[in-house]
Amino acid sequence: MLRVAVPNKGSLSEAASAMLSEAGYRQRRDSRELVMVDPDNDIEFFFLRPRDIAVYVGRGTLDVGITGRDLLLDAEVEAEELLPLGFAASTFRFAGPVGDFASAEELDGKRLATSYDGLLRGYLAERGINAKVVRLDGAVESSVRLGVADAIADVVETGNTLKAAGMEIFGDPILKSEAVLIRRTGGTTNGTAKEVDVLIRRLQGVLVARQYVLMDYDIRKELVEKAAALTPGLESPTVSPLRDSDWVAVRSMVPKKETNRIMDELYDLGARAILVSSIHACRI
C-alpha cells in the first residue's frame, strides 16, 4: 500500500486535498483525522505538519508527500522533487531597512533572521556570503527593529507587512516556491514505484484539466487549416464531417486563459456554433 503524506493545515492543506480528490482519491471529511485509508486505490494518507513531511519522506518512513519546495529545501533531507503542483506559489526574498542594502553580496558579515535557516544557509554557502543566520519561528520582520538582525530572509507575498515594518525587498529572489510532490532521493523503498507512477499521471491529468478546456466549432472546409492554426491542440485537432459537405466540425483542447481571445478570432475567421466545455480529468 502506497503511503502518502498530505499537509494537515495551512495554505497547502485544502488545495492538496482538493487536487487528490480530483485525481480520484478518497480524502478525509474530518480535519481531526490523522490517517485515512483508500482501499479502492490501495493507498494510505497521513496528514502531517507541512514542515515535517520532507523529514518523513526523506527517511523512507513514507513513500511520497506533498509539501512546499521551500520546506523541502529547508529540511536538508534526502528527498527530491517529483512534480510541481501549480498551487501555493510564493517567493523567498531578502528584505532590510529602506536604503540599507541593494544586493545579497552586501550581507557579508551581517546577521540574517529567517524561519528557513537550512534553505538560507545553503543559498549563502553557494555564493560565498559569510553571514550569521538567526533562526526564528515567526514574526521575522520584527527582528531588525528589535536589534536581533540586520536584515531578513522570508516568504514575501504582497510586501505590505514589510513596508509597515519600515523595510524593503532587495536583491534577486532566493527561491520561487510552490507545492510539489516529493519522494526519497533515489526512489521508494517498498516496491511501490508503479503506484507512484499512477499517482503522478493522475496529478498531471488534474493539472492539464485545470489549464485547458475543450473547444468545439463548425467551420467551412476551406478554412480548416487557418482554424487549426488557432486551435492546434496538444497534437492535432479532431476534424469530423457534417451533413452539409461544405462544413466540418472541429474539436480541440485550448488553454483556458486564452479561451475568449480564441473564440473571437475563430468567429472573425468564419467559425460558428463555438462551444467550450470544461475537462474533468485526462491523461496525456
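Where is E76 found?

Guide: E76 is found in the loop between α3 (69-75) and β5 (79-84). These labels come from DSSP runs, numbered from the N terminus: helices are H or I over at least four residues, strands are E over at least two.

A note on the numbers before we move on. This is a predicted model, where local features need pLDDT of at least 70, side-chain atom pairs count only at pLDDT 80 or more, and totals for chains, interfaces and linings use all residues. Residues are numbered from 1 along each chain as its sequence is written, and side-chain values use heavy atoms, with hydrogens and water left out.

Back to E76. Its phi is near 55°, a positive value in a residue other than glycine. Most residues other than glycine have a negative phi. D42 also has a positive phi, about 55°, and is not a glycine. Look for D42 in the loop between β2 (35-38) and β3. D42 counts as partly exposed because its relative accessibility is 36%. Buried means under 20% relative accessible area, exposed means over 50%, and partly exposed lies in between, with a 1.4 Å probe and protein chains only.

Two strands pair if DSSP finds at least two bridges between them. P7 has L48 in β3 as its bridge partner. β1 also pairs with β4 (residues 64-68), again in the parallel sense, over two bridges. Here A5 stands opposite G65. β1 itself (residues 2-7) is mostly covered, with five of its six residues buried.

T114 has A153 in β9 as its partner.

Now for the nonpolar cores. A core is a set of buried Ala, Val, Leu, Ile, Met, Phe, Trp, Tyr and Cys residues joined through side-chain atoms within 4.5 Å. The largest has 45 residues, and F45, F94, L199 and L203 have the most contacts inside it. Helix α6 (residues 193-211) gives the most to this core, six residues. At least three residues come from each of domain 1 (2-87 + 177-209) and domain 2 (90-176); those bounds come from an automatic or database domain assignment. L203 touches M19, L20, A23, L83, L85 and L181, leaving out residues up to four places away in sequence. Contact means heavy atoms within 4.5 Å.

Apart from this core lies another, of 14 residues, among them V213, V224, V250 and L266. L266 is also one of the contacts of T231, along with M215, Y217, P237, S252, V254 and I262, neighbours within four places in sequence aside. T231 sits in the loop between α7 (224-230) and β13 (238-241). T231 counts as buried because its relative accessibility is 0%.
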